[in-house]
Amino acid sequence: MDKEDEDIIMEEEEDEDEEVEEEEDEEEEEEEEEEKEEEMVEDEETEEPEEEEGEEEEKVVEEEEEEEEEEEEEKVETEELEQEMEEDKEEEEEETEEKEEEEEEEEEEEEEEEEEEEEEEEEEEEEEEEDEEIEVEKPITIETNKKDKKKDTAKKNNTNQKDKEKEEKYKNKDKEKKKEEKAKIKKKKEKEEKVEKEKEKEKEKEKEKEKEKEKEKEKEKEKEKEKEKEDETKKTNGNKNNNNSRRVLENGTIIFCEWREQQFIKCDIIEKRESELKNGTYDYYVHYHEFNRRLDEWVHESRMDFSRVIEKKQPVNSITTINSHGSSGSGGSGGGGGGGGGGGSGGSGENGITGGNKKQPPKRPSQKGSMVIDDDSKLSELEKEHEEITKVKNINVIEMGRYEIDTWYFSPYPEEFTKTDKLYLCEFCLKYMKKKTSLKRHALKCDLRHPPGNEIYRSGNISMFEVDGKRNRIYCQNLGLLAKLFLDHKTLYYDVEPFLFYIMTEYDDRGCHMVGYFSKEKESPDGNNLACILTLPPYQRKGFGKLLISFSYELSKKEGKVGTPEKPLSDLGLLSYRSYWTQVLLEILKNHKGNLSITDISNISAIRTEDVISTLQSLNLIRYWKGQHVIHITPKTLDDHLKIYAKQTSKIDPKCIHWVPPIVNVKKHR
């Protein structure tokens with residue numbers, strides 16, 4: 001082989017090597033590019049949500065900017081419209097001024113014409129007189145006559161030209177006025193069209209806003225649905241756990257039960273029964289620790305948290321000492337019942353809750369060193385039995401007149417009437433029935449349209465009836481049964497004869513509808529002017545309770561006595577009475593001038609001195625100084641306290657009370 005061939009071969013090998021290296025370099029570059037692209041894709045994937053969030057924020061900002069620009073444009077357009085309206089007003093004022101000026105000019109021209117006519121008439125008269133003088137004195141030459149005739153013709157021509165010019169001016173002015181009126185009408189139409197267009201735009205914007213709100217609501221609903229689904233899943237998981245730890249609970253067990261808004265509250269198991277929803281499960285009657293007994297209810301076991309059960313502590317076997325006052329229970333005393341008379345203590349007129357007061361029998365001394373049970377211990381045992389009997393609500397709902405009312409507490413209606421969920425009452429005679437059809441039949445026969453007693457007060461549509469428990473025994477017993485559904489501390493007795501019942505009603509075309517009532521003893525050795533008070537739930541928080549309390553004190557004033565409700569008062573009863581006492585005492589202090597003692601205030605208001613002192617002490621208006629109670633108050637503090645009661649306008653008018661105190665028969669003893 002020649003050297004040339006070897007060189008060629010070497011060159012070819014070198015070229016091949018270079019091509020291989022280039023291909024390897026290209027492959028490496030491609031791999032690097034692919035890696036970079038993958039990294040870019042990953043970065044884009046991570047950046048996409050951020051970019052989307054940024055884009056959404058930018059969209060929101062842009063939308064807000066667009067809304068602001070639209071609002072600014074609307075403001076500018078409204079300003080322009082206002083300016084145009086002002087210009088139109090100015091133009092109209094100028095036009096009116098021009099019209100007035102033109103009218104003045106026309107009047108002046110008419111006056112000038114009249115003056116010219118008068119001058120012409122005077123000239124003619126003078127000429128005639130001159131002619132007559134000339135005929136008498138000298139003969140008139142022909143030349144002078146010709147000159148005068150020329151002057152007359154010239155004057156007439158001038159007047160005719162002036163008249164024509166004036167007519168042309170008036171015609172031109174009329175044409176201009178018509179043109180201006182047409183232009184004004186066009187402008188008004190254009191403005192009205194602009195206003196209508198703007199209104200349409202505003203309506204469209206409002207529609208768009210409403211659509212946006214609807215979209216937001218739909219989004220919120222979707223979120224709520226998602227939350228509900230999550231809650232359901234949680235509940236199902238919780239129910240599974242509950243099913244695992246589920247067991248039958250005994251009375252007295254403490255457990256956490258689901259309350260509103262998924263809150264779990266500690267409660268006591270009072271009673272249980274087999275559930276009608278699912279076989280093999282139970283419903284429990286529970287009392288929530290944080291709430292009043294009126295919220296006690298039947299609850300299915302699915303609402304119980306069986307993982308949070310607290311067993312009731314077993315009572316310790318020990319000898320318990322008996323209180324000599326027998327104060328273990330609470331309830332109303334006296335009459336007023338249905339199945340009993342109902343005297344509870346005076347209570348809340350607004351909420352219809354009363355405290356109880358037991359009338360204690362005379363105590364017998366107990367022997368030392370022996371377990372002798374006196375009458376007080378028997379009373380306490382009876383109260384405990386009563387509490388156990390009444391702890392479960394036996395009627396859930398009553399229908400009375402226009403209202404369907406949820407009950408609060410147990411009431412001793414006959415058992416055959418407690419097996420239904422709803423009890424039907426006649427709102428006039430208070431008779432109770434199990435079925436709606438029987439109530440309708442009764443309504444056709446019932447002649448009562450007001451309580452069966454004497455109407456002793458009427459002011460506007462409010463009336464008060466006095467019902468004697470001796471004369472209307474069945475009505476008063478039914479009233480007591482109804483009251484017990486809404487009064488916890490109230491014991492019922494069948495003896496209603498010693499009590500008077502005062503029923504407040506609202507009058508309309510159908511009759512007098514019961515609002516509330518209070519009862520009082522015919523002969524009260526303790527000087528009580530009220531035994532039991534109730535405002536029905538549909539009429540609560542409307543001031544009727546305070547009217548009932550006020551009426552009881554007005555009757556005490558008629559009797560010439562100082563009165564007080566039966567003690568002890570419940571917490572809500574004390575609030576209502578304290579509110580009434582405060583208002584009355586502050587009004588007396590404001591209106592009276594001069595010195596006042598507590599006995600004077602008591603005599604004026606018929607409120608007992610103990611109640612006056614306790615009320616003034618609660619307001620920090622009374623101080624004990626040198627062995628005496630002294631009232632210390634300024635006009636400013638009086639006004640500040642009375643501002644609270646400024647809204648309460650309804651009051652009892654003493655002039656509208658037509659009542660004479662009953663004569664009590666006193667037996668003479670030898």
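Predicted model: local features only at pLDDT ≥ 70, side-chain atom pairs only at ≥ 80, totals over all residues.
1. Five strands, in the order 4-3-2-1-5, make up an open sheet with antiparallel pairing. Its edges are strand 4 (297–300) and strand 5 (304–310), each of which pairs on one side only. From one strand to the next, the twist averages 50°. Within this sheet, strand 3 (residues 282–288) and strand 4 are antiparallel and share 4 bridges. Asp283 has His300 of strand 4 opposite it.

2. Strand 6 and its side chains. Strand 6 covers residues 397–400. Val397 and Glu399 point one way from the strand, while Ile398 and Met400 point the other way. All four of these residues are buried.

3. The partners of strand 6. Strand 6 pairs with strand 7 (residues 403–406) in the antiparallel sense, over 4 bridges. Here Ile398 faces Ile405 of strand 7. The hairpin formed by these two strands has 2 residues between them, and Gly401 takes a positive phi near 65° there. Strand 6 also pairs with strand 8 (residues 422–425), this time in the parallel sense and again over 4 bridges. In that pairing, Met400 stands opposite Leu425.

4. A charged network. Salt bridges link Glu399, Glu404, Lys422 and Lys436 into a network. Glu399 is one of the buried residues of strand 6.

5. Strand 12 and its neighbours. Of the 10 residues of strand 12 (residues 499–508), 7 are buried, so the strand is largely enclosed by the rest of the structure. It runs antiparallel to strand 11 (residues 462–468), with 7 bridges joining the two. Asp468 stands opposite Leu500 in strand 12. Strand 12 is also joined to strand 13 (residues 511–521), by 10 bridges and again antiparallel.

6. Asp468 and Lys522. Asp468 also forms a salt bridge with Lys522, and their closest N and O atoms are 2.7 Å apart. This pair links distant parts of the chain: Asp468 is in strand 11, and Lys522 is in the loop between strand 13 and strand 14 (528–530), 54 residues apart. Asp468 counts as buried because its relative accessibility is 19%, under the 20% limit. Lys522 is partly exposed, at 32%.

7. Helix 6. What span does helix 6 (residues 544–559) reach from its first C-alpha to its last? The 16 residues of the helix reach 23 Å, close to the 22 Å expected at 1.5 Å a residue. Because 13 of the 16 residues are buried, helix 6 is largely enclosed by the rest of the structure. Just after the helix, Gly560 takes a positive phi of about 75°.

8. Other salt bridges. The structure holds 14 salt bridges. One of them joins the side chains of Glu455 and Arg458, at 2.8 Å from N to O. Glu455 is partly exposed, with 32% relative accessibility, whereas Arg458 is exposed at 52%. Another joins Asp639 and Lys590, at 3.5 Å from N to O. Asp639 lies in helix 10 (residues 635–642) and Lys590 in helix 7 (residues 571–591), so this pair ties together parts that are 49 residues apart in sequence. Asp639 is partly exposed at 33%, and Lys590 is partly exposed at 47%.

Methods
Residues numbered from 1 in each chain as written. Heavy atoms only, no water. Buried < 20%, exposed > 50% of the residue type's maximum accessible area, 1.4 Å probe, protein only. Pairing = 2+ DSSP bridges. Expected span 1.5 Å × (residues − 1). Axes fitted to C-alpha atoms, helices over the stretch in contact; angles between N-to-C directions. Salt bridge = Lys/Arg side-chain N within 4 Å of Asp/Glu carboxyl O.
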